[in-house]
Structures are given as structure tokens and as C-alpha cells.
Amino acid sequence: MEMEGLKTSDYYFDLPKELIAQDPLEDRSASRLLVMDRQTGATSHHIFKEICSFLKSGDCLVLNNTKVIPARLLGAKEDTGAAVEILLLKRMENDVWETLVKPGKKLRPGAKVVFGDGRLRAEILDVEEDGNRLVKFFYDGIWEEVLDSLGEMPLPPYITHKLQDKNRYQTVYAKFEGSAAAPTAGLHFTKELLAQVEAMGVDIAYVTLHVGLGTFRPVKVDNVLEHHMHTEFYQVTQEAADKINRAKAAGNRVICVGTTSCRTVESAAEADGHMKACSGNTDIFIYPGYKFKVMDGLITNFHLPESTLVMLVSAFAGRDHVLKAYEEAVKEKYRFFSFGDAMFIADLNKEGVRAE
């Protein structure tokens, strides 16, 4: 029997360009929130700060505390002065990074690049199979400070406006540097809202997954199973593992904020759903048919058609339910993608959780 939903085109929906949010809202928590019952597909419309009505004491909320680095560097080729763009993807050792470069044809191994007033220089060491370049950087002083003064936030290609405030592509709880993209479901939380959630008796567990740009890569193959997932570094602390295990043991829910938090806990959990402190690289690819070991609820933004992210959400809530909710979101002019609105998906008919 052929499994449903294994064709990339099964995740296509019509998304008008103007619904891709170009700018963040003034107030993070004023985004809209589409709430969906995972079992029935029933939906209702809310404002993000009303998320508290759908959480309850004993729930564990899992947040990804990665911090986006200003990973986009604009420089010039040392010999010709030609403009060059380097995007930092993954830190290796000894100031070597895996990067994406533009224009690739001009940047062969041995090519040298200068940034700013020469405070930062780079040499292309090697070209990898997928076209990414290994680049070694040279500078005086502290890497983070040099990068902060010269780098720009690497907004996804679908966002064409320039970001006025670097912090708006950063969650309020961002802590550990290493992402090329923000875990965007977390952008809706303010410090006040998080305090309110904690005051309700919800446990907050922080995990780390450094988001790579591969997250946004459209699936280019027609058979979902042939899609090659990029790897990303993750870490689960003992404290986070304990909080998640405690919620599970008490029969309470684990609610992930964002697909990155979901992929972290699902990668780190043992087969029986027990969490232990660990770190490593994950290339977990979640699509329909996947059995979730840990996650009971998901807060996530609206993703692009045919993306691995829509596949993950469909694995959790059913492809038909998700596509129907997305159709409704398009009709109601919800804002899509990184700076867009959010969805909350869980079993809502469980005792004690109801819309106000």
C-alpha cells in the first residue's frame, strides 16, 4: 500500500506573495494565533498573547535558546575588488567556517576576501560536494565583536525589506550564538508573556538547536524520502531533560515552541520518550508516518508550500487538517513565514483545556 503524503506536491498550497510578512510587528505578542485541535482539525482565531488560555499548570513549554549571529558578510575580492557575499553556516575549528558564497564562480580555493577596513580577511580553503565553501578567517581581537560590527542578519530570501532593528530577528531569550536563522515561533514571546506563563505553573525548558539555512531549502525531489536533510547541532541540558521527564511522568503535556524545539527533543529522546542530557548533530526529518515520542503540542509559524516544515506539522496534525487550516489562514489573510503569525496545535478536547 502506498503511503499517503510522500510526494512533495502533496504539500503544495497557493500562497499569495503579499502574505509573506516583510516586517516584524511593533508588539511581538500582537501576532494572530490560529488554534487547531489536532484530532478534529477544528480551528479558532485568537491573538498570540491569549496563548495562556490554552496552557495549563504542569505543562512543559520547550524553547530553543539559540542566538542568530550576524552571519551575512559583504566584502570584496582582494585582487579584483569584486563584490562578494559570504554567509556563515557552521563553525568548524580554528576560525574555519562552512559557508555559502556569492558569486561562487569567482571564489575558488586560494581566493582571498577583505571585509570592512580590513579588520577581517578570509581565504577560501575548499569547495564541498554541495557547493558550500570552507573558509578560514583572519582578524585581531574577539571574533564575536568583529562579526557584530561587520556582519548583517541573514534574513531568509523571501524577506526583501532590510531589518531596522537587529534584535527583532532574535527571541527575547536567545542565549547561545550559532544560528544562521531564528527559531521564529519564539519571536512572539515577550518577557512579560513568559513571566505570565511561568506564573500559571507552566515549566519552561530551554534546549539549543543552531538553525541552519537548510531549514528553508525547498524540497527539490518529488519523492519526500529522497530529500537530504542538512545537519544541525543541538544540546539538551540535564535541567531541560528533568523538566520534560517530570511533565511526562505526571501525565502533563510537552509543548514545543517551533519546529526546531520539536526536532531537538525528538532527536534527543530515547525510544520510550525518556530524555537524557546530551548533545550532537541531528538530521532528523519528520514527515507523515513519524511517531512522536515526546511532543504533545506545537506552537509554530505558517510555513512555505512544499517545505520540510509543512511536512513536520502534517506529521503531527494530519496533512488534511493542516492544509485545510492553511487554506483558512490564506483566506483570513494571516501573515506567513518568519515575521508572520502563529498556530497552536494540540489535543484541545482533553479535560481542562478549552477556549475562553
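The stops below concern salt bridges and the exposure of their partners.

This is a predicted model, in which local features need pLDDT of at least 70, side-chain atom pairs count only at pLDDT 80 or more, and totals for chains, interfaces and linings use all residues. Numbering starts from 1 along each chain as its sequence is written, and side-chain values use heavy atoms, with hydrogens and water left out.

A salt bridge here is a side-chain nitrogen of Lys or Arg within 4 Å of a carboxyl oxygen of Asp or Glu.

Select Glu-152 and Arg-72 to begin. Their closest N and O atoms are 2.9 Å apart, forming a salt bridge. The pair links distant parts of the chain, 80 residues apart: Glu-152 is in the loop between helix H1 (143-150) and strand E11 (176-179), and Arg-72 is in strand E5 (residues 72-77). Helices (H or I, at least four residues) and strands (E, at least two) are DSSP runs, numbered from the N terminus. Glu-152 is partly exposed at 23% relative accessibility, as is Arg-72 at 26%. Buried means under 20% relative accessible area, exposed over 50%, and partly exposed in between (1.4 Å probe, protein chains only).

Next, select Lys-166 and Asp-148, a salt bridge with closest N and O atoms 3.8 Å apart. Lys-166 lies in the loop between H1 and E11 and Asp-148 in helix H1, so the bridge ties together parts 18 residues apart in sequence.

Then select Glu-270 and Lys-276, whose salt bridge has its closest N and O atoms 3.8 Å apart. Finally, select Arg-72, Glu-85, Glu-152 and Lys-162 together: salt bridges that share partners join these residues into one network.
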